[in-house]
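Please read them with the coordinates displayed.

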Amino acid sequence: MNKLIPKLLALLYPPSRCPICRTSTEGLCIPCKDRILLGRLRKIPGAQGWSLFQYTEEVKGLLSAFKKNGSFVAGNEMATLIEEFLPKDLGSVDFITYAPSSQVSIKRLGFDHGEVLSKNLAKKLNVPVYDLFLPPKVEQKHLEMDERWKNIKGLRMKRGSWDPLKGKRGLLIDDVYTTGATVKTCLALLEKGGVSCVYLTFCAR
Ligand SMILES: [Zn+2]
């Protein structure tokens with residue numbers, strides 16, 4: 001009977017592990033975090049946006065833990081890293097919004113990763129999150145460069161969703177910057193709606 005109790009406790013409260021290397025620790029272990037920080041990126045040339053980290057093995061591991069396994073720890077660690085390394089010249093923002101995930105991705109993962117990441121970050125920055133875009137049907141990641149631009153052209157904002165945001169300054173969040181097709185289209189739509197936004201992606205390929 002007594003032997004059962006520690007086993008039950010371990011089931012109820014599994015030991016915390018680094019979401020990347022699975023070492024027993026609270027959140028990210030120091031070596032994994034150090035390796036992520038080696039690949040710092042800055043402003044994306046010619047754009048009103050930043051990407052924080054390079055797409056290294058560790059960053060890939062963190063993204064995969066967050067998206068494939070729905071790891072709460074990984075999502076929270078990503079938001080913590082964003083908050084810690086928020087560019088100084090970003091300025092203050094009134095709200096956070098996120099690049100839309102495709103319907104396929106939301107169905108496969110069981111959650112909208114952009115929404116979860118934005119909510120984690122919004123809690124830390126103490127600003128509201130707005131869900132502004134309709135999810136596209138097709139996922140960007142399986143498309144070639146020119147197809148990505150074609151696919152994203154169909155992107156639309158939710159009707160009237162931007163009305164309360166006119167004259168405010170927002171932060172558009174995305175996880176991976178590849179061609180920039182999604183964030184650039186989102187920014188153009190926001191601008192058309194009279195909402196000024198800067199963007200920040202967790203990493204760039
Ligand atoms: Zn680790």
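1. Helix α7 spans residues 145-152, and Arg148, Asn151 and Ile152 are its buried residues. A residue is termed buried if 20 or more other C-beta atoms lie within 10 Å of its own, exposed if 12 or fewer, and partly exposed in between, with C-beta atoms placed from the backbone. Because the buried residues of α7 fall within an arc of 90° when seen down its axis, they line one face of the helix; the arc is that of the directions from the helix axis to the C-beta atoms. An α-helix has 3.6 residues a turn, so residues three or four places apart point the same way. Asp146 and Lys150 are exposed on the other side of α7. The partner against which the buried residues of α7 pack is α8 (181-192).

2. On provenance and numbering: this is a predicted model, in which local features need pLDDT of at least 70 and side-chain atom pairs count only at pLDDT 80 or more, while totals for chains, interfaces and linings use all residues. Residues are numbered from 1 along each chain as its sequence is written.

3. The protein chain holds eight helices and five strands. Helices (H or I, at least four residues) and strands (E, at least two) are DSSP runs, numbered from the N terminus. Read from the N terminus, the order of elements is α-α-β-α-α-β-α-α-β-α-β-α-β.

4. Two strands pair if DSSP finds at least two bridges between them.

5. The pairings can be described strand by strand. Strands β1 and β5 run parallel and are joined by five bridges; Ser51 stands opposite Thr201 in β5, and Gln54 has Ala204 as its bridge partner in that strand. Strands β4 and β5, also parallel, are joined by eight bridges, and Ala204 in β5 is the bridge partner of Tyr177. Strand β2 (residues 95-98) pairs with β4 (residues 169-177) in the parallel sense over four bridges, with Thr97 opposite Leu172 in β4.

6. The largest nonpolar core has 47 residues, of which Leu52, Leu62, Met78, Ile82, Ile96, Leu172 and Ile173 touch the most other members. Such a core is a set of buried Ala, Val, Leu, Ile, Met, Phe, Trp, Tyr and Cys residues joined through C-beta atoms within 7 Å. Not counting residues up to four places away in sequence, Leu62 touches Pro19, Ile20, Ala74, Glu77 and Met78.

7. The C-alpha atoms fill a box of roughly 65 × 35 × 35 Å along the principal axes. Buried residues make up 37% of the 205 residues. Of the contacts between residues at least 6 apart in sequence, 68% join residues at least 24 apart; two residues are in contact if their C-beta atoms, placed from the backbone, lie within 7 Å.

8. Arg22, in the loop between α1 (4-12) and α2 (30-38), has phi near 70°, a positive value in a residue other than glycine. Arg22 is exposed, with 11 other C-beta atoms within 10 Å. Asn126, in the loop between α6 (113-125) and β3, has phi near 60°, again a positive value in a residue other than glycine. Asn126 counts as exposed, with 6 C-beta neighbours inside 10 Å.

9. Leaving aside neighbours within four places in sequence, Lys168 is in contact with Asp94, Phe95 and Val195.
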